[in-house]
Amino acid sequence: MSSFAAYLRLDATEGPGLPQNVARQLETAIAVGLLSHGDRLPPESELAGELGVSTGTLRQALETLRQRGAIETRRGRGGGSFVRNASKLPPAEVLEQLRQRSADSIRDLGDACAAVVGGAAHLAAQRAVSDDVDRLRRLAEHFRSASTADERRRADSRFHIEIGVIAHSARLTQAIVQLHDELASLFWMVGGEAEHHPMTESAHNAAITAIDGADGDTARAVVMRDVEGRVQHLMDLHLDLAARGEP
């Protein structure tokens, strides 16, 4: 199962707010790199089936994404809905978001992310086969070769999402997408990469070794320690911004 297919598995009930929820889910998939610029979305009937919604609901969600510039639809032969580059907030706005958050909310986000990704890593170590480990190695290489902070953010998120896929848990995969995207969007866009880029590479390698060796306890400890380091960086920056009273 692909990362995108695992993420799409929702428990959905038709209702007035569902198109917005579907649009938000697809936007998140684009933001974390499950869908890349130029990717063609599956046919409407197939995508609606995977999401567990009606084609009418999906069409409303896609129209919302077109209005936001997240996708474009081409007519005729070879047409369909295609992903456009995901927009991202300027660093100054991300810093302002971080300043306005409470320390408790940052810590709570980190705790949830560490627990979910750590649990998935423990299961992945028990369930991984050689092809799974090979995919993790390729994703780690994508992170090493990324040239911008946004590319590193997406590659890092893809790595952790794949851990959920390897754990064979659709719910964990969905939780990792949501939590890791929120944490990574803050961390990588406010300068976290400068200090933690080598540490992230090391954490990726250590997680791969542990999962390949079926060492669940080490795999869980590695990814949780990595998340905790990021949260500490954000906490320190948040306190500094609050002390200076500026974004």
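Modeller: Before we start, residues are numbered from 1 along each chain as its sequence is written. The model is predicted, with local features needing pLDDT of at least 70 and side-chain atom pairs counting only at pLDDT 80 or more, while totals for chains, interfaces and linings use all residues, and side-chain values use heavy atoms, with hydrogens and water left out.

Biologist: How many helices and strands does the protein have?

Modeller: Both kinds of element are DSSP runs numbered from the N terminus, helices being H or I with at least four residues and strands being E with at least two. Starting at the N terminus, the order is α-α-α-α-β-β-α-α-α-α-α-α-α. That gives eleven helices and two strands.

Biologist: What share of the 247 residues is buried?

Modeller: Buried means under 20% relative accessible area, exposed means over 50%, and partly exposed is in between, using a 1.4 Å probe and protein chains only. By that rule, the buried share of the 247 residues is 47%.

Biologist: In which sense do E1 and E2 pair?

Modeller: Strands pair if DSSP finds at least two bridges between them. E1 covers residues 71-74 and E2 covers residues 80-83, with four bridges joining them. Ile-71 stands opposite Val-83, and Thr-73 has Ser-81 as its bridge partner. The sense of the pairing is antiparallel.

Biologist: Which residue in that hairpin takes a positive phi?

Modeller: Five residues lie between the strands E1 and E2. The one with a positive phi, near 85°, is Gly-76.

Biologist: Over the ring of which residue does the charged end of Arg-74 sit?

Modeller: A charge sits over a ring if NZ of Lys or CZ of Arg is within 6 Å of the ring centre and within 35 degrees of the ring normal. For Arg-74, the distance to the ring centre is 3.9 Å. The ring belongs to Phe-82.

Biologist: What distance separates the end C-alpha atoms of H2?

Modeller: The expected span of a helix is 1.5 Å times one less than its number of residues. H2 runs over residues 18-31, so its 14 residues should span 20 Å. The model agrees with that, as the end C-alpha atoms are separated by 20 Å.

Biologist: How many of the 14 residues of H2 are buried?

Modeller: H2 is mostly covered. Among its buried residues are Leu-18, Val-22, Gln-25 and Ile-30.

Biologist: Which helices do the buried residues of H5 pack against?

Modeller: In H5, residues 91-100, the buried residues are Val-94, Glu-96 and Leu-98. A contact means heavy atoms within 4.5 Å. The packing partners are H6 (103-127), H9 (170-187) and H11.

Biologist: Is Arg-230 buried or exposed?

Modeller: Arg-230 is found in H11, residues 216-244. Leaving out residues up to four places away in sequence, Arg-230 touches Asp-156, His-160, His-180, Phe-187, Trp-188 and Thr-200. Because its relative accessibility is 2%, Arg-230 counts as buried.

Biologist: Why does Thr-173 count as buried?

Modeller: Thr-173 is found in H9. Its C-alpha atom and that of Ile-163, ten residues apart along the chain, are separated by 7.9 Å. Thr-173 counts as buried because its relative accessibility is 1%.

Biologist: What is the phi of His-168 near?

Modeller: His-168 lies in the loop between H8 (149-166) and H9, and it is exposed, with a relative accessible area of 59%. Most residues other than glycine have a negative phi. In His-168 the value is positive, and phi is near 60°.

Biologist: Where is Ala-214 placed?

Modeller: Ala-214 has a positive phi of about 60° although it is not a glycine. With 53% relative accessibility, Ala-214 counts as exposed. Its place is in the loop between H10 (192-212) and H11.
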